[in-house]
Amino acid sequence: MTLVKTDQLQNYLDAFNTFGVRTERQPAWFRVMRERAFARFCEVGFPTAKDEDWRFTNVTSIAQTPFVLARHAHASGAAYADSLKPFRIPGAACQLVFLNGRFAPVLSDFAGLPKGSQVGSLAQALAENHKTVEAHLGRYVNIERDAFCALNTAFTEDGAYVYLPRRTVLEAPICLQFISLPGDDPEMTHPRNLIVAEDESEANVVEDYISLGSGICFSNAVTELVAGESAIISHYMIEREDSQAFNISTLRTQQGRSANVSSHSVLLGGGLVRNNVHPVLAGEGGECLINGLFIGNGNQHMDNYMLVEHASPHCSSRQFYNGILDGHSHGVFQGRIIVHKDAQKTDAKQTNRNLLLSDDAQIDTKPQLEIYADDVKCTHGATIGQVEENALFYLRSRGIDEGSARRLLLLAFASECLERMKCGQVREYLQNIVQGWLPESSRSAGTKAASAGGVERQWEEVG
Amino acid sequence: MSLLEIKNLHASVNNHEILKGVDLAVNAGEVHSIMGPNGSGKSTLAQVLARRETYQVTEGQVLLNGKDLLVMKPEEAACEGLFMAFQYPVEIPGISNAYFLRAALNAIRKYRGLEELDAMDFLPLLKEKMRLLEMDERFLSRPVNEGFSGGEKKRNEIVQMAVLEPKMAILDETDSGLDIDALKIVAKGVEAMRSPERAILLVTHYQRLLNYIVPDYVHVLVNGKIVKSGGAELALELEEKGYGWTEPAAVTASR
């Protein structure tokens with residue numbers, strides 16, 4: 001792996017040295033963790049194309065940009081209240097707003113939280129040295145393997161801390177908004193979130209990445225989600241930043257016995273986006289759903305990487321990703337499934353479906369199954385196609401004009417993902433905003449498609 | 001003026017000529033049937049009229065209500081009053097029958113300068129037509145044709161026809177693959193659509209449907225041309241004798 005260029009490494013060294021001022025309230029054990037992570041990052045640098053996990057995504061543009069730590073926003077942040085109104089999800093239990101990675105209490109509200117739950121700033125939780133934080137923070141992501149996680153850990157300043165005691169049932173979503181305020185210099189933030197859901201708790205957590213203004217910024221977020229026995233947790237990630245934004249995010253979940261965790265990701269904005277979802281089914285009988293939608297246009301690059309680890313018997317996992325790509329956009333789907341030796345009776349399924357709307361749109365879809373147990377069921381499949389011509393004609397033959405018919409079909413395709421979201425407030429909110437992100441393209445993708453029969457090529461392997 | 005006038009229509013697909021000079025005139029209030037052996041061009045004719053772009057019209061003219069149909073896009077033809085019931089209706093996951101039909105009806109209403117219907121006004125209308133075609137109300141919220149049996153798909157086509165109230169309805173082999181019970185229900189639905197302002201064109205291979213929807217005129221399409229026309233009794237003759245006896249007429253006709 002190529003090391004970070006010397007001038008940029010100095011940049012990170014400088015940032016790390018000045019960082020101490022921002023992290024004075026952190027406990028010693030965490031400062032040690034950060035230092036180790038930074039050392040590791042300096043050792044390995046950013047991944048290159050030689051790294052199998054990054055084969056389709058070139059992060060040179062991140063590696064070469066001299067990002068500085070994002071400046072703290074105006075003291076109160078109240079100035080942004082109006083701009084943020086359209087981004088609120090109606091019916092939320094609570095709303096935490098982070099401006100350039102830092103918690104903004106003035107813009108946040110906690111009205112709908114049940115007693116006993118703790119939802120707030122991670123910086124605050126660290127300063128108060130909660131036992132739960134020490135028990136879980138940094139215990140799951142692998143900083144040795146993952147340079148971006150190492151970098152995030154090194155520069156952890158703030159993020160959300162969500163703690164749900166045993167049997168807490170909260171239907172209304174907990175919304176976390178990460179607002180980038182681009183400045184004159186390219187800035188970086190490393191939001192770090194910790195969600196601990198004790199046994200039998202149920203909740204929905206939304207992470208929403210938004211830009212106010214245009215400019216180069218880099219958000220490198222890590223979320224560790226620990227689900228206790230029989231907990232039912234849904235996590236939603238929405239990326240709708242500006243087209244100059246770099247957004248890397250990692251969701252690492254640890255599931256206990258019979259826990260049921262769903263991860264839903266909706267990638268709409270951003271210039272270079274990479275979303276990693278890494279669930280570990282550590283307890284027997286666990287279930288996980290990884291459900292994703294990505295809509296790319298212009299020069300966007302959206303890489304969806306997931307690594308599901310079946311570490312225990314009788315667990316089931318499902319991966320469903322739908323991609324719509326137009327313009328010169330490039331989508332990637334990397335679905336890895338590892339079934340450990342003792343994970344008998346594993347039931348894993350993976351499906352990636354993609355619509356290419358232009359001749360220059362591109363998709364790389366790569367399933368990867370590593371199976372070490374001998375009594376398992378694993379299937380995977382991928383399709384790449386254009387908007388179904390027969391369906392399009394059918395709609396038009398009933399009077400619906402071509403543009404509207406295409407939109408209807410794209411919306412139907414996108415809705416396949418949205419339909420899997422159980423939290424009504426989030427699903428309905430997304431149904432509205434996704435419509436606005438659908439490509440307007442009203443022409444079909446070139447003659448190549450027409451001569452090939454126009455419709456989907458399909459291949460499926462059962463292993 | 002005829003509702004539908006086809007003059008010397010020639011059409012090809014992949015440079016292979018299928019329609020070789022079709023002539024036909026259909027007036028409002030009439031029910032016509034086009035019969036013919038497999039490969040004669042029946043479905044091609046239906047698809048060309050519905051404006052499927054995969055077929056190239058090389059010669060001829062088609063007027064719908066006096067307007068040039070061949071320059072119209074599929075959605076324009078539909079708004080001008082044309083409807084085709086497909087032989088193989090496609091499934092559209094993710095779009096419900098109710099949503100789809102309301103969008104279609106409103107597109108046509110808008111074209112005609114009428115107010116669009118909201119869901120509240122539309123549903124009773126749709127339910128009424130579904131009852132006529134004995135379709136379960138549950139189909140309202142199901143995606144278009146998804147999981148429907150062959151018979152249900154064909155009945156769904158007629159439900160759509162009943163809701164959209166076309167002037168010129170073309171039924172492309174609506175009877176193929178149907179058992180007798182489904183056939184009777186479909187026929188009931190189509191018969192209910194008979195009206196002095198409307199014309200119906202039944203494209204069919206089998207005579208069976210015509211026992212229930214008795215046509216005013218029967219035309220025989222062989223090798224891309226209409227070789228014989230007659231009344232309803234012609235269908236019975238074809239049933240008895242097959243299509244072969246019309247061939248000499250075909251040979252002389254396709255000079």
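Colleague: In the open sheet of chain B, what is the order of the six strands?
Modeller: Keep in mind that this is a predicted model. The pairing in this sheet is mixed, and neighbouring strands are turned by 20 degrees against each other on average, direction ignored. Read across the open sheet, the order is β6-β9-β10-β3-β11-β12.

Colleague: Which are the edge strands there?
Modeller: Look for strands that pair on one side only. That picks out residues 82–85 and 225–230 of chain B, in other words β6 and β12.

Colleague: In which sense do β3 and β11 of chain B pair, parallel or antiparallel?
Modeller: Strand β3 of chain B covers residues 31–35 and β11 covers residues 217–222. Within the pair, B:Ile34 stands opposite B:His219. The two strands are joined over four bridges, and the sense is parallel.

Colleague: Over to the chain contacts: which element gives the most to the side of chain A that touches chain B?
Modeller: Here 16 residues of chain A are in contact with 19 residues of chain B. On the chain A side, α8 (389–396) and α9 (402–418) each supply at least two residues. By class that side has seven nonpolar, four polar and five charged residues. The element giving the most, with six residues, is α9(A).

Key. Residues are numbered from 1 along each chain as its sequence is written. Chains are lettered from A and ligands numbered from 1 in the order in which they are written. This is a predicted model: local features need pLDDT of at least 70, side-chain atom pairs count only at pLDDT 80 or more; totals for chains, interfaces and linings use all residues. Two residues are in contact if their C-beta atoms, placed from the backbone, lie within 7 Å. Ala, Val, Leu, Ile, Met, Phe, Trp, Tyr, Cys and Pro count as nonpolar, Asp, Glu, Lys and Arg as charged, and the others, Gly among them, as polar. Two strands pair if DSSP finds at least two bridges between them. Axes are lines fitted to C-alpha atoms, for helices over the stretch in contact, and angles run from 0 to 180 degrees between N-to-C directions.
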